[in-house]
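Please keep the sequence and the structure in view while reading.

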Amino acid sequence: MSANAPQPIGASTAAADISAKEATYLPPSELAIKYAKGIHNHSPAAPHPSSTASGSNPHLIKKIEHFYIRPRWLFVRIETEGGVVGWGEATCEGHTESVQGSLDDMARRLVGWDAMNIEDIYTFMYRARFYRGGPTLMSALSGIDIALWDIKGKVLGVPVWQLLGGKVRERCNVYGWVGGDRPSDVLEQAKVRKAQGFTRVKMNATESIGWLDSPHALDETVQRLADIKAIGMDAGLDFHGRLHKPMAKQLAKLLEPHRPLFIEEPLLPGHPKEMKDLYDKVNIPIALGERLFTREDYRPYFEERCIDIAQPDIAHSGGITETKKIATMAEAYDIGIAPHCPLGPLAFAASLQIGFCTPNFVVCEMSWKMHYNTGGFDLFTYMKNPEVFAVKQGAIELLTGPGLGIELNEELIRSEAQEAAKLDPWINPIFRGPDGAVREW
Ligand SMILES: [Mg+2]
């Protein structure tokens, strides 16, 4: 047992004494040097069979790479000295180069750390670098964190949900998209989704809309929801932060009789008190969270009691480590979790891993055949085992493979990354009103 290994309560072994002395007497400057590459465990209990580093720690991080690939995804690949490879996703839609820069910085710092010490790595990357939070740093950290959980699951031969307390359900509910950025023809698309196995869909509530627009601008939205409900499906409506208070409260009231599954981002992030005002006016479940990062960002919404569903995006919110904590925190406020995930297969698999082990999980977004997945690139393009994501009665069956439970075509990812590097990364559309002023996308 190494000096750093956990000691049973009451143990008085020599190793425990040494550990206690180090903890007590090493001055801070020496502790900083000692732990410059994290808390190492040089005696792993179960070395991965692929390890060839006899006598050394096979779990040390050897290499961190990232790959921007179409349609708009940023994958992270971490390889250990023992040859175990974990994959994560750090996609931050429209901000690819920023996250790539942050990943380069993190990769430089983390080579040589023990990949098994996820909590220590997360804490170091979040707390020890002074600046924290936000889409760029947190998306990069999320990608690394997800890859580390993939590694740990593969090393131990179990799915991630097994590492987080075990399963609480056999399948996870999912929903698909209809309508695109400018919703139309949603009824026909909803019929297709129904044939694909979905029972729920989500759509944008409106096109771009003015701060104070004509009330007529809301009429088609109400009709679209009524049409979809008429074929026996449920639908969430994503306000997308496009509506400001004058229009949001009108639309929420108009939708109420048609009972949407939820309304999402009815106001922009940063307005928990205004959200509370809206919350008190309508009986529709309110969902929000794709633009919030870590528990700290969620806290005012929980304490204000102004949302019903939290929607952390696992590729932005802090990965598996932080999303599980957000979910646990939400449960204390009787708030459900519906992971936001219009992204790639790694973010989706990681979100489902949370779903399988989290009591207050309700539904997960799925990007299969979504309007952003263009050019022949879709959720299954880079997967060797897409059958694990088969949609049956609106749900995905338990993922049973080790780690994230999906297998990727690395050769295709590497070749596509070379092609995608010649192109400008994806950016979101820009909306302007008839007066020329910028509107929310
Ligand atoms: Mg949304």
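## Terms and basis

Helices (H or I, at least four residues) and strands (E, at least two) are DSSP runs, numbered from the N terminus. This is a predicted model, in which local features need pLDDT of at least 70 and side-chain atom pairs count only at pLDDT 80 or more, while totals for chains, interfaces and linings use all residues. Residues are numbered from 1 along each chain as its sequence is written.

## The annotated span

UniProt, in an unreviewed entry, places the feature "domain: Mandelate racemase/muconate lactonizing enzyme C-terminal" at residues 183-285; UniProt positions are given in the numbering used here, feature names are shortened, and annotations may be inferred rather than shown by experiment. Residues 183-285 are 41% helix and 12% strand, and the end C-alpha atoms of this span lie 21 Å apart.

Strand β4, at residues 171-177, is mostly covered, with five of its seven residues buried (20 or more other C-beta atoms within 10 Å of a residue's own, C-beta atoms being placed from the backbone).

Strands count as paired if DSSP finds at least two bridges between them. β4 pairs with β13 (residues 395-397) in the antiparallel sense over three bridges, and here Asn173 stands opposite Ala395. β4 runs parallel to β11 (residues 364-365), joined by two bridges, with Tyr175 opposite Glu365. Two bridges also join β4 to β5 (residues 200-204), again in parallel, and Gly176 stands opposite Val201 of β5.

## The crossover

β4, helix α7 (residues 186-196) and β5 form a right-handed β-α-β unit: with the strands pointing away from the viewer, the path from the first strand over the helix to the second runs clockwise.

Technical notes: Buried ≥ 20, exposed ≤ 12 C-beta atoms within 10 Å, placed from the backbone.
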